[in-house]
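Dear colleague,

Please read the notes with the model open beside them.

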Amino acid sequence: MKLIRRPRRNRISPAVRSLVRENEVRVDKLIFPVFLIDGVNKKEEIKSMPGIYRFTIDQALIEIEECYNLNLRTFILFPAVDDKLKDSTASYSYNSANFYLKAIREIKNKFPDVTVVTDVAMDPYNSDGHDGLVRDGKIINDETLVILGKMTLAQAEAGADIMGPSDMMDGRVGYLRDVLDEAGFTDVGIMAYTAKYASSFYGPFRDALDSAPKSGDKKTYQMDFANKRDAIIEAELDIFEGADYLMVKPALAYLDIIQLLKQSFDIPIVAYNVSGEYSMVKAAAEKGWLDGEKVMNEILVSIKRAGADIIITYAAKEFAKMLK
Ligand code: PBG
């Protein structure tokens, strides 16, 4: 055969494949979520997320040190709060005795060059389990912003580097930017959960935090997963309001949205490879139905290929270990 083009030539050996490979996942572009609980010397595995734990601060410091030695540098922190401390205004979120704020201080103290991303939303502290203030069965947008502002200020004062508003209230990025700037925290960044869809892939996360809504669902604030243009509207607003990063969440079933935002906007795009996406792979791997490590790698590369600059993933530590 006389074939001028033979694409297989570029796949001929591992070295050539590596030479022409277009996308790779780098450890310094991964963010590892860490779940925190109050107390000392506790490390509880989350049933639906094998390999992922809730840590007391002392144990979290050990985990972060291990990750640090694997070259991971960015962590996103979530608190699992005792029910007794929850109320309808999430007041524990900005209480100075809050173990989450203490964890931020201790992590930044011990690892000054680690980047700490926070979670800004009411649900871990809200007796109603929603990301916003609930009144007569409705989520009240503007009054929620005031609470998020107090939460943000407390987190910035504790030394956090980047705020992660995951609540999906309207106007929150601009509101938080104002609060931060007025208090002199002009260097604290905002990683906006821009296109956060009302997704059933968050199930294991809500188990981890025991944060499922007590009634109703999150569809009046999180986006309808059938929609694409909504993502553009949210992204335009977030950029206009001062976001430093745009996030798409979940990631795997939303690669088109990642690509769309990447093509449309010029600030870093973050993809959140969420709990359910992690658990699916783990469950199939435990049954021996898939090679968990290879599938996880393929998923991360696909998220990268779609256009994500940064990936938040529960597989970060495992992936970093694999590279070492
Ligand atoms: C809530 C929040 C959720 C996640 C991060 N922040 C769940 C939700 O919206 O109910 C999910 C993350 C995951 O599933 O890994 N503010």
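Is the crossing of α2 and α3 left-handed or right-handed? In this model, which is predicted, the crossing of those two helices is right-handed. Helix α2, residues 57-69, packs against helix α3, residues 99-110, at an angle of about 40°, and their axes are 10 Å apart; α2 and α3 are therefore oblique to each other. On the α2 side the contact is made by I57, L61, I64 and E65, which meet F99, K102, A103, E106, I107 and K110 of α3. Sorted by class, the residues of this contact of α2 with α3 comprise six nonpolar and four charged, with no polar ones.

A second pair of helices is formed by α7 (residues 229-241) and α8 (residues 255-264), whose axes come within 10 Å and cross at roughly 45°. Helices α7 and α8 are therefore oblique to each other, and their crossing is right-handed. Here A231, I232 and A235 of α7 meet I257, L260, L261 and S264 of α8, a contact of α7 with α8 that has six nonpolar residues, one polar residue and no charged residues.

Turning to the ligand, 16 residues surround it, and the closest are R206, K218, K249, S275 and Y314. For D123, an N or O atom of the side chain is 3.0 Å from a nitrogen atom of the ligand.

Note on methods:
Residues numbered from 1 in each chain as written. Predicted model: local features only at pLDDT ≥ 70, side-chain atom pairs only at ≥ 80, totals over all residues. Heavy atoms only, no water. Axes fitted to C-alpha atoms, helices over the stretch in contact; angles between N-to-C directions. Helix = DSSP H or I, 4+ residues; strand = E, 2+ residues; numbered from the N terminus. Parallel < 35°, antiparallel > 145°, perpendicular 65-115°, else oblique. Left-handed = near helix turned anticlockwise from the far one by under 90°. Contact = heavy atoms within 4.5 Å. Nonpolar A, V, L, I, M, F, W, Y, C, P; charged D, E, K, R; others polar. Near = heavy atom within 4 Å. Polar contact = N/O pair within 3.5 Å; in protein donor to acceptor, adjacent residues only side chain to side chain.
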